[in-house]
Amino acid sequence: MKFFIDTANLSQIREANEMGVLDGVTTNPSLMAKEGIKGVENCKKHYVDICNIVDGDVSAEVISTDYEGMIKEGEELAKLHSNIVVKVPCIADGIKAIKYFTGKGIRTNCTLVFSPGQALLAAKAGATYVSPFVGRLDDITSDGIELVGKIVDMYSFYGFQTQVLAASIRTTQHIIQCIEVGADVATCPLSAIKGLLNHPLTDIGLAKFMEDYKKVNG
Ligand code: E4P
């Protein structure tokens, strides 16, 4: 399973990249706003800065909600860097825009997906990635991981090439569950990725190795 980091924070992106296991980045308008990035040109510059850190796919989301606007924005975003994947909401104009981008060889991430039906439409339009939102479904006492599994099974059954990118990942346990249901990618906060390293037996074992080494070597 590939790891993307779900942030627009450059120092977190650098830190994750330096771990050597980062495959890409996802952003959204809320994450850009959290970093205080204002205006179209500053957003574009920020996307290029991210692409210059990570050698992998970087999702940049359109702000328009109409077909023409999404096409104009998406084409501009795709020209910024070869790593850019245009992120498009799962609405009727968005599906139509994904179909257009597919025809132009522009890679896409269909976002805000909450049902297998939406995921089917994204795949039929040729989306590179589909993003089911795990945490937001869990928040309303639905089962986000179950949805990821259903989409993985559907794509496998029908032979769709669209990759299942589990989004809205909140915890390390979510990452483990994504592996169990066969997600292609999980986009995660840095804290959840780092959480994979935590095991008390590793800490206890390492402390013992160091102690025994010092007994003999001083
Ligand atoms: C990424 O593609 C999504 O926009 C993001 O994971 C949403 O996460 P949230 O539900 O924690 O805002």
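The model is predicted, so local features need pLDDT of at least 70 and side-chain atom pairs count only at pLDDT 80 or more, while totals for chains, interfaces and linings use all residues. Residues are numbered from 1 along each chain as its sequence is written, and side-chain values use heavy atoms, with hydrogens and water left out.

**Select the whole chain.** In cartoon view, look for eleven helices and eight strands; these are DSSP runs numbered from the N terminus, helices being H or I of at least four residues and strands E of at least two. The C-alpha trace spans about 70 × 40 × 30 Å along its principal axes. Of the 218 residues, 47% are buried (under 20% relative accessible area; exposed is over 50% and partly exposed lies in between, with a 1.4 Å probe and protein chains only). Displayed as a surface, the chain has an accessible area of about 11100 Å², with 55% belonging to carbon and sulfur atoms (Shrake-Rupley method, 1.4 Å probe; for residues, only the protein chains shown count as cover).

**Select the ligand.** Show next the residues around the ligand: Asp6, Thr26, Asn28, Lys87, Phe133, Arg136, Ala167, Ser168 and Arg170, where near means that a heavy atom of the residue lies within 4 Å. A polar side-chain atom of Asp6 lies at 2.5 Å, an N or O atom in the side chain of Lys87 at 2.6 Å, and a polar side-chain atom of Ser168 at 2.6 Å. The protein buries 85% of the 340 Å² that the ligand exposes when taken alone.

**Select Asn109.** This residue belongs to strand S5, residues 108–113. Is Asn109 buried or exposed? Asn109 counts as buried, because its relative accessibility is 0%. Its side chain forms a polar contact of 2.7 Å with that of Ser131 (a pair of N or O atoms within 3.5 Å; within protein, one must be able to donate a hydrogen and the other to accept it, and residues adjacent in sequence count only if both atoms are side-chain atoms). Beyond neighbours within four places in sequence, the contacts of Asn109 include Thr26, Lys87, Val130 and Leu165, a contact being heavy atoms within 4.5 Å.

**Select Ala92.** Ala92 is classed as exposed because its relative accessible area is 64%. Finally, draw a distance from Ala92 to Leu121: the two residues are 29 apart along the chain, and their C-alpha atoms are separated by 9.4 Å.
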